[in-house]
Amino acid sequence: MKTWHRIVELSLAFFVIVMVSSVISLACSNNQTLKMQFKAQLDSLYEEYRFPGATAAYVLPDGTAEVVAVGFADIEREIPMAPESRMLAASIGKTFVGATLLDLAGDGLLALDDPVSKWLGDRPWFERLPNHGSITLRQLLNHTSGIPNHVESERFAQAFSDRWDDIDNPFAPEELIAFVLDEQPLFSAGKGWHYTDTGYLLLGLVIEKVTGRSWYDEVVIRFLNPLKLSRTEPSDQVDLPGLSAGYMAEDNAFGLPPKTISAPGRMVWSPRIEWSGGGFVSNSRDLAVWGKMLYEGQVMEHDYLDDLLASVPVVDTDSSTSYGLAVAVHIGGPFGPTYGHGGWIPGYTSSLRYYPEYDICIAFQINTDIGIVDHSEPVVEDMEKCLAEIVIVGARQDESGD
């Protein structure tokens, strides 16, 4: 009898091993199929819009992360775009600013409703800042401060056009803030909404005042190193290894050269000008991983999602889009709500979208802004929709076993 019991036990163990192996094999097969479909969709978008190159990545509910690439990182040198290729992430960097402020609040070092004057009131220019007496940190984060955006200033455009070839950095942060000093506020603080990079430069100064460290260092210490986002670094110098060439129109608004690099990884103008309005070079995989962890409440020890996602309407007449603390919230889309951020800087376009109903995050980067910055082609919108459709439908089929 003991022999038969042993045979039965071994048979059951073998059956379990076979079943587990089959499930793992099926999961691997499904993951590879999804990655191939994702790559095919990116190839199709490349053929349709003929951008120089792109990378795209997704992270599934179980944490599986995949990244694919298409086209060229440098057309003239015939360097293909690779999954690990990097680009300037532009305003997606604001998500790191927001996260840092939230973490500092969690540490008790500041409060989100602190008046900005508490931290920057001793600056000689502070009383010339629009709405200086009433704005709070939270209003800077959600763009309800009423402070104009220096990037939209004709004086800034002309000055950058004149000085872009100063590769050390044509403008320190406070020089950029100076473009809006003595301007009329766009509205009373908290009574409207207008996107402003200038507000995020002020937040960078606040981070440095509170911590005594550079805001870049604070992001590296709090997030990039612990989360092992190794392809993401401060874009605070012209030499950025692995940076793809960015391409823009000959007649771009700032009079910049139509190609962002003069040699592999070496920019012809300083990305430091962006500072805490963005400020990072990254790749699609890192962005997707960051987005999934950020919007699932995993990047800080304390609960922060309620504050992060407490959003205000962007347009009074459009209830489908709102803005939280460095996060755009869209509702009513084909795949439910999304949290994320877009990014544009001359030569580069990025997108980060998290789909909370599916626990899926998707990011992509394109090394051009031609047809995008002037909204003449729906490249970004199409890529967001088509890539999400592939991943979300694929994940549904995987769950159902189809």
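## Helix α9

Helix α9 covers residues 284-295, and its 12 residues reach 16 Å from the first C-alpha to the last. That is close to the 16 Å expected at 1.5 Å a residue, where the expected span is 1.5 Å times one less than the number of residues. Helices here are DSSP runs of H or I with at least four residues, strands are runs of E with at least two, and both are numbered from the N terminus. This is a predicted model, in which local features need pLDDT of at least 70 and side-chain atom pairs count only at pLDDT 80 or more, while totals for chains, interfaces and linings use all residues. Residues are numbered from 1 along each chain as its sequence is written, and side-chain values use heavy atoms, with hydrogens and water left out.

Is α9 mostly covered or mostly uncovered? It is mostly covered, with 10 of its 12 residues buried. Buried means under 20% relative accessible area, exposed means over 50%, and partly exposed lies in between (1.4 Å probe, protein chains only). Among the buried residues of α9 are Leu287, Val289, Trp290 and Tyr295. After the helix comes Gly297, whose phi is positive, near 75°.

## The sheet beside it

Now look at the strands. Nine of them form an open sheet in the order β3-β2-β1-β14-β13-β12-β11-β10-β9, with antiparallel pairing. The edges belong to β3 (79-80) and β9 (312-315), each with a single partner strand, so one side of each has no neighbour in the sheet. Strands of a sheet pair through backbone hydrogen bonds, either parallel or antiparallel. Two strands count as paired if DSSP finds at least two bridges between them.

How many bridges join β13 to β14? There are seven, between residues 348-355 of β13 and residues 360-366 of β14. You can find Thr349 opposite Ile366 in β14. Helix α9 lies across β1 (53-59), β2 (65-74), β12 (338-345), β13 and β14, and runs at about 145° to β14. Contact here means heavy atoms within 4.5 Å. Axes are lines fitted to C-alpha atoms, for helices over the stretch in contact, and angles run from 0 to 180 degrees between N-to-C directions.

## Salt bridges

A search of the whole structure finds 22 salt bridges, each a side-chain nitrogen of Lys or Arg within 4 Å of a carboxyl oxygen of Asp or Glu. One of them joins Arg138 and Asp307, with the closest N and O atoms 3.4 Å apart. Arg138 lies in helix α4 (residues 137-141) and Asp307 in helix α10 (residues 305-309), so this pair ties together parts that are 169 residues apart in sequence. Asp307 is partly exposed, at 32% relative accessibility.

Another salt bridge brings the side chains of Arg213 and Glu218 together at 2.9 Å, N to O. Which of these two is buried? Glu218 is buried, with a relative accessible area of 1%, while Arg213 is partly exposed at 38%. Both belong to a network of salt bridges that links Asp103, Asp107, Arg213, Glu218 and Arg222.

## Cysteines

A disulfide is a pair of cysteine sulfur atoms within 2.5 Å, and by this rule the count comes to zero. Cys361 is in no disulfide, as the nearest cysteine sulfur, that of Cys386, is 18 Å away. Cys361 is buried, with a relative accessible area of 0%. Cys386 also counts as buried, at 18% relative accessibility.
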